[in-house]
Amino acid sequence: MRTLRLVTTLAVAGLLAGGAAAVAATPASAATAVFSVTNNWGNGYQGQVTVTNDTSAPISSWRVEFDLPSSSTITQSWNAQQTTSGSHYTFANVSWNGNLAAGASTSFGFLVNGTGTPLNCTVNGTGCAGGPPPTTPPPTTPPPTTPPPTTGTPVERHGQLRVCGTTMCDKSGARVQLRGISSMWLNWETAPYAENLSALRWMRDNWNLQVIRAAMGVEPAGAYLSDPAKARAQVETIINNAVTAGVYVIVDWHAHEAQNNQSQAVAFFGDLARRYGNLPNVIWEPYNEPLQVSWTTVIKPYHQAVVSAIRAADPDNIIVLGTPTWSQDVDVAAASPVTGTNLMYTLHFYSCTHGSSLRAKGDAAIRAGLALFVTEWGASNADGGLDGRACLPEAQSWIDWMKANGISWTAWKLDVGTDTTNLLSPGAPVTGGWTNYLHGHAPFVVANMR
């Protein structure tokens, strides 16, 4: 078994403003590693460990061991086999992440109940040395034009939003990056988590949620086209709850072939714009994820029709426009943008599938003058994580990129299930209070909302 290097993040999921990037340790040598712990988050913190093969040959397995103070316990872990003996914890590879080529990395994570720095670390039996965090500062964003207020609900603080250049600004002209979560397809949710006012308030107060996305399924059985009264009632409940809780709400026409039902979309958004367009809370999303169809001849004309219907009643709320290839080809949209004001464009990513090449598309769109909004993302494969795997280092690269560019986001998705992107574990109450019910990539999402 070859020597491994350990780089760890034991950062607080919350007290760093805006869910700052985790503080990563720097290896002292190929056979040692450095731990760093910053801040203390209420009743625990999230740990992320990346194991890298620094040798010139493949390795077939790895094992990381450490102790915690007796007052602390690990309540949840993922992407590794965990065994416990008193306060001694051992994490070993699972089947899919045990074989590491030279230079390759894998990550696992855990949630700690309590406080304290891990002690007596070993990687495959070799000790880990302690040390300071790196001195290189994380990416920073330009300061807002005026200091944002720090009290009140998100809507009380920021009020009417608008597009300013390639980002979003609030009523005072300050740059805003909204962070929140998306519902499950409302026609397929296992319980009405997204429609519960108590849950929304709990996420606002405990997760620092600023925006919720109402993903109203359109085309499948039981969705809007087959049961419009039910779908509309679900969306309007979420809108009204958002107004009561003082958070922003994205009304999402969650479709893949919306151009085939343009008249229904025009009627739906025109009606809601007449009744809710006067509120600063509402953000419109007329097309979730177009397929691989033409931007100029299919998607753009659809957007122009729906935008016109919205603007007839709502002159100023932001509209977020879906882009080709499951809302990835923002660079294509940038070559021929839709005419109008306060328009943004959707970019979706899943970090096990999408990396720097998709961020390059985003960079090209921004250089061309587009304002982007990531209305859906996951630290998983593009299928939402059916294999249960999370790719947190790449997800962190996306988080850093969005922060640097002032790109708002909502993470997929508020529901119970086995795939990585379900935020809740079985038994989670509908009314909130989910501290002990986080699942999959939820600890990472919550950390970065805070």
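# Notebook: a look around Glu376 and beyond

I started with Glu376, which lies in strand β19 (residues 372-378). My helices (H or I, at least four residues) and strands (E, at least two) are DSSP runs, numbered from the N terminus. Before going on, I noted that this is a predicted model, where local features need pLDDT of at least 70, side-chain atom pairs count only at pLDDT 80 or more, and totals for chains, interfaces and linings use all residues. I also noted that residues are numbered from 1 along each chain as its sequence is written, and that side-chain values use heavy atoms, with hydrogens and water left out.

**Entry 1: Glu376.** Is Glu376 buried or exposed? I found a relative accessible area of 5%, so Glu376 is buried. Here buried means under 20% relative accessible area, exposed over 50%, and partly exposed in between (1.4 Å probe, protein chains only). Next I listed what Glu376 touches, with contact meaning heavy atoms within 4.5 Å. Not counting residues up to four places away in sequence, Glu376 touches Arg213, His254, Asn288, Glu289, Leu347, His348, Phe349, Tyr350, Thr410 and Trp412. I looked at Arg213 in particular: it sits 163 residues from Glu376 along the chain, yet their C-alpha atoms are separated by 9.0 Å. For a salt bridge I take a side-chain nitrogen of Lys or Arg within 4 Å of a carboxyl oxygen of Asp or Glu.

Entry 2: How many salt bridges does a search of the whole structure find? The search gave me 13. One of them joins the side chains of Arg275 and Asp271, at 3.0 Å from N to O. These two are about one helical turn from each other, because they are four residues apart in helix α4 (residues 262-276). An α-helix has 3.6 residues a turn, so residues three or four places apart point the same way. Arg275 counts as partly exposed, at 38% relative accessibility.

I then checked Glu394 and Arg359, whose side chains form a salt bridge at 2.6 Å, N to O. This pair links distant parts of the chain, with Glu394 in helix α9 and Arg359 in helix α8, 35 residues apart. Glu394 is partly exposed at 26% relative accessible area, while Arg359 is buried at 11%.

**Entry 3: α8 against α9.** That pair sent me to the two helices. The axes of α8 (residues 356-367) and α9 (residues 392-404) come within 11 Å and cross at roughly 10°. That crossing makes α8 roughly parallel to α9. The axes are lines fitted to C-alpha atoms, for helices over the stretch in contact, and angles run from 0 to 180 degrees between N-to-C directions. Angles under 35 degrees count as roughly parallel, over 145 as roughly antiparallel, 65 to 115 as roughly perpendicular and the rest as oblique.

Which residues meet here? From α8 I noted Ser356, Leu358, Arg359, Gly362, Asp363 and Ile366, and from α9 Glu394, Ser397, Trp398 and Trp401. By class, this contact has four nonpolar, three polar and three charged residues.

Entry 4: Most residues other than glycine have a negative phi, and most peptide bonds are trans. Lys413 belongs to strand β20 (residues 408-414). Its side chain meets that of Asp419 in a salt bridge (2.6 Å, N to O), and both Lys413 and Asp419 are buried.

Trp326 is not a glycine but has a positive phi of about 60°. I found Trp326 in helix α6 (residues 324-327), partly exposed with a relative accessible area of 34%. Asn342 also has a positive phi, near 55°. Asn342 is placed in the loop between α7 (330-334) and β18 (343-350) and counts as buried at 16% relative accessibility.

**Entry 5: the whole chain.** To finish, I stepped back. The protein chain has 10 helices and 20 strands, and 58% of its 450 residues count as buried. Helix α10 (residues 442-449) is mostly covered, with eight of its eight residues buried.

Key
Nonpolar A, V, L, I, M, F, W, Y, C, P; charged D, E, K, R; others polar.
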